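Work through these exercises with the sequence and the 3D view side by side. Try each task before you read its solution.

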Amino acid sequence: MKKLIIANWKCNPTTLKEAKALFESTKANLKNAKGVEIVICPPFLYLLNLNAKNSRLKLGGQDCFWENKGAYTGEISAAQLKDAGCQYVLVGHSEREKYFSETDEIANQKMRSAIKAKLKPVLCLGDSLEEREKGNVQQALFRQAEKALKGMKKDEIKNLFLAYEPVWAIGTGKPCSVGEAQTMRLYLRKILAKLYSMKISESVPILYGGSVNSKNAKTYIAEAGMQGVLVGGGSLDAKELADIVRAVR
Ligand code: PGA
């Protein structure tokens with residue numbers, strides 16, 4: 001299984017010109033990156049203007065709406081993302097919860113629409129600082145996974161990816177320790193075994209996200225046993241992302 005590197009640009013950059021320049025330099029820096037899958041998740045409105053053809057880059061959405069189409073002002077559906085060339089979509093990122101009050105139930109609806117549209121969903125799960133301080137990390141992860149995957153059959157989750165993203169590590173420059181990341185990876189496997197089966201639990205790739213950079217990326221793969229990384233801030237610098245990819249390969 002190829003390692004997966006997801007670049008989440010979030011609400012950056014401000015202009016199409018900058019987005020194209022970042023994409024092109026990312027492409028150039030990664031043209032020899034074999035053996036890894038690299039997914040760029042730009043703001044929606046740049047998707048159709050970024051040319052991923054003949055490159056090592058794939059496109060992904062940062063989020064999706066749960067209905068295909070209809071009177072839902074301001075939303076972008078999973079079907080529309082698919083049509084725009086996306087292969088992946090992030091679901092349940094903690095910034096959706098923090099700024100838009102999204103719940104695990106909403107993540108569940110989005111998971112369903114992503115799967116229906118034949119996108120590969122990357123379900124983000126993570127503990128808040130408060131949950132961590134109270135020692136409730138495992139309960140928090142179990143609750144999120146159970147609700148977000150509710151009612152989903154085994155054959156529906158065959159393209160599922162999980163990302164362990166502790167909220168306190170996102171954008172803070174304070175990444176999770178490798179030991180803790182490894183413990184959480186094993187715990188997420190346990191959750192999947194409980195909700196589905198051992199076989200499924202072993203087949204779902206698990207990524208780490210939260211202040212990943214070119215210095216710490218390798219340890220999450222080599223020591224914590226992750227199958228990839230989700231990179232926010234670091235992906236806005238094409239050279240830094242290329243160094244992360246090099247470290248992960
Ligand atoms: P960060 O973001 O790399 O800037 O911490 C990670 C994320 O989007 O999950």
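## Exercise 1: the surroundings of H93

Beyond its neighbours within four places in sequence, H93 touches N8, K10, C124, E165 and I170. Keep in mind that this is a predicted model.

**Task.** Find where H93 sits, and decide whether H93 is buried or exposed.

**Solution.** 
1. Locate the residue. H93 is in the loop between β4 and α3.
2. Check the surface. The relative accessibility of H93 is 5%.
3. Apply the cut-off. Buried means under 20% relative accessible area, so H93 counts as buried.

## Exercise 2: the annotated active site

**Task.** Which residues does UniProt list for "active site"? Work out how they are placed in space.

**Solution.** 
1. Read the record. The unreviewed UniProt entry lists H93 and E165.
2. Compare sequence with space. The two are spread over 73 residues of sequence, yet they cluster, with a largest C-alpha distance of 8.3 Å.
3. Look at the largest pocket. From this set, its lining takes in H93.
4. E165 lies in the loop between β6 (161-164) and α7 (178-195).
5. E165 has a relative accessible area of 4%, so E165 is buried.
6. List what surrounds E165. Not counting residues up to four places away in sequence, E165 touches H93, C124, L125, G126, D127, I170, G209, G210 and L230.
7. Find the direct link. The side chains of E165 and H93 are joined by a polar contact of 3.4 Å.

## Exercise 3: around the ligand

**Task.** How many residues surround the ligand, and which are the closest? Then find polar atoms that lie by its oxygen atoms.

**Solution.** 
1. Count. The ligand has 13 residues around it.
2. Pick out the closest. These are E165, G171, S211, G232 and G233.
3. Start with side chains. A polar side-chain atom of E165 is 2.6 Å from an oxygen atom of the ligand. For H93, a polar side-chain atom is 3.0 Å from an oxygen atom of the ligand.
4. Turn to the backbone. A backbone N or O atom of G171 is 2.6 Å from an oxygen atom of the ligand.

## Exercise 4: the annotated binding site

**Task.** Which residues does UniProt list for "binding site"?

**Solution.** 
1. Read the record. The unreviewed UniProt entry lists N8, W9, K10, G171, S211, G232 and G233.
2. Judge the spread. They cover 226 residues of sequence but cluster in space, with a largest C-alpha distance of 13.8 Å.
3. Check the largest pocket. Its lining takes in N8 and K10 from this set.
4. Take N8. This residue is in strand β1 (residues 3-8). Its relative accessibility is 3%, so N8 counts as buried.
5. Trace its contacts. Leaving out residues up to four places away in sequence, N8 touches C41, Q62, L90, H93, L230, V231, G232 and S235. Its side chain also reaches the backbone nitrogen of K10 at 3.1 Å.
6. Take S211. This residue is in the loop between β7 (206-209) and α9 (217-222). Its relative accessible area is 17%, so S211 is buried.
7. Trace its contacts. With residues up to four places away in sequence left out, S211 touches A169, G171, T172, G173, K174, P175 and N216. A polar atom of the S211 side chain lies 2.8 Å from the backbone nitrogen of G173.

## Exercise 5: helix α4

**Solution.** 
1. Helix α4 (residues 104-116) has 13 residues, and at 1.5 Å a residue it should span 18 Å.
2. Compare. The end C-alpha atoms of α4 are 18 Å apart, so the two values agree.
3. List the buried residues of α4. They are D104, A107, N108, K110, M111, S113, A114 and I115.
4. Recall the helix rule. An α-helix has 3.6 residues a turn, so residues three or four places apart point the same way.
5. Find the cover. It includes α2 (78-83), β4 (86-91), α3 (94-100), β5 (120-125) and α6 (137-148).
6. Zoom in on K110. This residue of α4 has a relative accessibility of 2%, so K110 counts as buried. Beyond its neighbours within four places in sequence, K110 is in contact with D63, C64, W66, V91, R96 and E102.
7. Step past the end. Just after α4, K118 takes a positive phi of about 65 degrees.

Conventions. Residues are numbered from 1 along each chain as its sequence is written. This is a predicted model: local features need pLDDT of at least 70, side-chain atom pairs count only at pLDDT 80 or more; totals for chains, interfaces and linings use all residues. Side-chain values use heavy atoms; hydrogens and water are left out. UniProt positions are given in the numbering used here, feature names are shortened, and annotations may be inferred rather than shown by experiment. On a 1 Å grid over the protein atoms alone, a cavity is a set of points where a 1.4 Å probe fits but cannot get out, and a pocket is an open set with protein on both sides within 12 Å along at least five of seven lines; lining residues have an atom within 4 Å of a point. Helices (H or I, at least four residues) and strands (E, at least two) are DSSP runs, numbered from the N terminus. Buried means under 20% relative accessible area, exposed over 50%, partly exposed in between (1.4 Å probe, protein chains only). Contact means heavy atoms within 4.5 Å. A polar contact is a pair of N or O atoms within 3.5 Å; within protein, one must be able to donate a hydrogen and the other to accept it, and residues adjacent in sequence count only if both atoms are side-chain atoms. The expected span of a helix is 1.5 Å times one less than its number of residues. A residue is near a molecule or strand if one of its heavy atoms lies within 4 Å of it.
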